[in-house]
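The following paragraphs lead the reader through selected features of one protein chain. Please keep the sequence and the coordinates at hand while reading.

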Amino acid sequence: MHLAFPQTAWWWIAPFAFAGLIGSWAVLSPRRAALAGYASGLVFFTFGFSWFGETAGALLGPAAPVLDLGPALAEALAFAFAAAVTSIAARRCGAFAFAIASAAAFALAEAARSSGVLGVPLEQIGVAMIDSPLRPLAAYAGVYGITFATALLGASLGWWLLDARDARRARAAAATWIAVAACTALAWTFWPARHAAPPSRRVAAVQGGIAQTLKMTPGGLQVAIERYTAMTRALVPQHPTLILWPETVILAPLDYPRADIRALAQRFAALARETGATLYAGSLAQTTDGAENTLYIFDPRNPRVLDDGSGATARYGKEQLVPFAEYIPGPEWLRRLPFADQIGVYRPAHNAFPTYGGATPLICWESLFGDIAHARLRDDPSLLLVATDDAWFGRTEFPYEHAMAASLRAVESGRWVLRAGATGISGIVAPDGSWTRRTALGGAATVVGEVGPPVDVPYAQLGPGAIALALAGALAIALFGRRPRA
């Protein structure tokens, strides 16, 4: 199943992987299935989280494996739950109901582990499948709808292969695959994104290409200032209306009351006036007990500025932080544990108005949470902005998986997405999930292109809560409805 994710990105293998997993769980008792499922999940997530130690692993020395194995031990519980339900369904359900129950259980477990302040929305099957023919389903049922459809295909196949001579199982598997294909075809036929209005607003993203090993050095700040200023100034002839910089490219709190910092902030305000574009600059904001990961918004068309001394018109602070990376959830005494001093001291921000000028930002980790992106649609933004620093993870699979999540957010929301990555991947994503502009991973680059108005997709109205409720209902009906066993 891991091969469905970058860098191989063999999305087509996922249903067959599900067939093997679900088929193996179905023949075990619920307790043994849960243990086997936990073991399966541990292997899957250990592979999937192997990039956790890139760059950051060097800070922990011999304790580096905890970055990978620790989260895998927790996330594997989702597989254990799905496996136990699959075992129960094999004893209670007919062929159709079995496939629905096992697929719904897996999708619900994925939703549960991907939500909340301690959620880990990584290695989601729906993300891996966003470049598959199932993509239109995300406009109606989101990421968990795609996960459910993929697992449904695998469950029906796995149940049939356990007894390939059973005609009823063969018919149920064939009918399931036909039904998924038919639903996907209908979703594509009536997909509003296929008839989106042509884009007309020019925007830009700047990718400085500064590696983490340079960014964190004493001279890294000056390199970033000069590079991002020069690359942004070069965009003037193309007349963008909005320019996005990546997350924390300026490692200095622009609201700090020091003369050189105030001069730097004024320099960025002047840069926005020179380009005539609203500039989103990734930086920091000071707090009494840490810092906030912040995008400062310099709008040359708005004469009002904040009273924090930054000279910005507005700012957006990251609300959903990465646990055990940007902060330690729990009591302060945890800071006394070995290597805990290497964990950041960021604080979650609280934005009264996260959307500015029709654009709403999502900083790095936040863009992986479908519920956060959906919540922002209350302000009816026309554009989603994703500012991220994936330079921490080099050329591992995560920068690619993270970029795939931007495609998914575009399809789910019906919005255009402008993405700026410190070392890539940067670009512009249309509401149908296709990239109209895209940079390579690594070096410095700029992206300039047009975005358009949003399209009205059903999922934007439904949201992940409604889909989770539907999955729970399907699971309950499949398990407790009166059905003959096949």
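This is a predicted model: local features need pLDDT of at least 70, side-chain atom pairs count only at pLDDT 80 or more; totals for chains, interfaces and linings use all residues.

The second largest pocket has a computed volume of about 280 Å³. Its lining comprises 14 residues, and those closest to the pocket centre are Leu137, Gly145, Phe148, Ala149 and Cys183. Three helices, α7 (138–161), α8 (167–189) and α14, each supply at least two residues of the lining. Of the contributing elements, α7 gives the most, with 6 residues. Sorted by class, the residues lining the second largest pocket are 12 nonpolar and 2 polar, with no charged residue.

Two packed helices are described by the angle between their axes and the distance between the axes. For α7 and α14, the angle is about 30° and the axes lie 8 Å apart. On the α7 side, the contact is formed by Ala138, Ala139, Tyr140, Ala141, Gly142, Tyr144, Gly145 and Phe148, which meet Pro458, Tyr459, Leu462, Pro464, Ile467 and Leu471 of α14. This contact of α7 with α14 has 12 nonpolar residues, 2 polar residues and no charged ones.

Apart from neighbours within four places in sequence, threonine 150 is in contact with Ala14, Pro15, Phe18, Ile125, Met129 and Leu134.

Helix α14 (residues 458–480) has a further partner in α5, with the axes of the two helices 8 Å apart and at an angle of about 145°. The crossing of α5 past α14 is left-handed. From α5, the residues Ala97, Ile100, Ala101, Ala104, Ala105, Ala107 and Leu108 meet Ala468, Leu471, Ala472, Ala474, Leu475, Ala478 and Leu479 of α14. By class, the residues of this contact are 14 nonpolar, with no polar and no charged residue.

Not counting residues up to four places away in sequence, leucine 108 touches Ala468, Leu471, Ala472 and Leu475. Alanine 445 lies 337 residues from leucine 108 along the chain, and the C-alpha atoms of the two are 39 Å apart.

Several backbone features complete the account. The peptide bond from proline 6 to glutamine 7 is cis, with omega near 10°, and glutamine 7 belongs to the segment before α1 (14–26). Glycine 424 and isoleucine 425 are likewise joined by a cis peptide bond, with omega about 5°; isoleucine 425 is in the loop between β8 (416–421) and β9 (427–429).

Positive phi values occur in residues other than glycine. Threonine 248, with phi near 45°, is located in the loop between β2 (242–244) and α11 (259–275). This threonine 248 is buried, at 6% relative accessibility. Phenylalanine 324 has phi near 65° and is placed in the loop between β5 (314–317) and β6 (359–363).

Note on methods
Residues are numbered from 1 along each chain as its sequence is written. Side-chain values use heavy atoms; hydrogens and water are left out. Contact means heavy atoms within 4.5 Å. Axes are lines fitted to C-alpha atoms, for helices over the stretch in contact, and angles run from 0 to 180 degrees between N-to-C directions. Helices (H or I, at least four residues) and strands (E, at least two) are DSSP runs, numbered from the N terminus. A crossing is left-handed if the near helix is turned anticlockwise from the far one by less than a right angle, and right-handed if clockwise. Ala, Val, Leu, Ile, Met, Phe, Trp, Tyr, Cys and Pro count as nonpolar, Asp, Glu, Lys and Arg as charged, and the others, Gly among them, as polar. On a 1 Å grid over the protein atoms alone, a cavity is a set of points where a 1.4 Å probe fits but cannot get out, and a pocket is an open set with protein on both sides within 12 Å along at least five of seven lines; lining residues have an atom within 4 Å of a point. Grid points are joined across faces, edges and corners, and a volume is the space filled by probe spheres set on the points. Buried means under 20% relative accessible area, exposed over 50%, partly exposed in between (1.4 Å probe, protein chains only).
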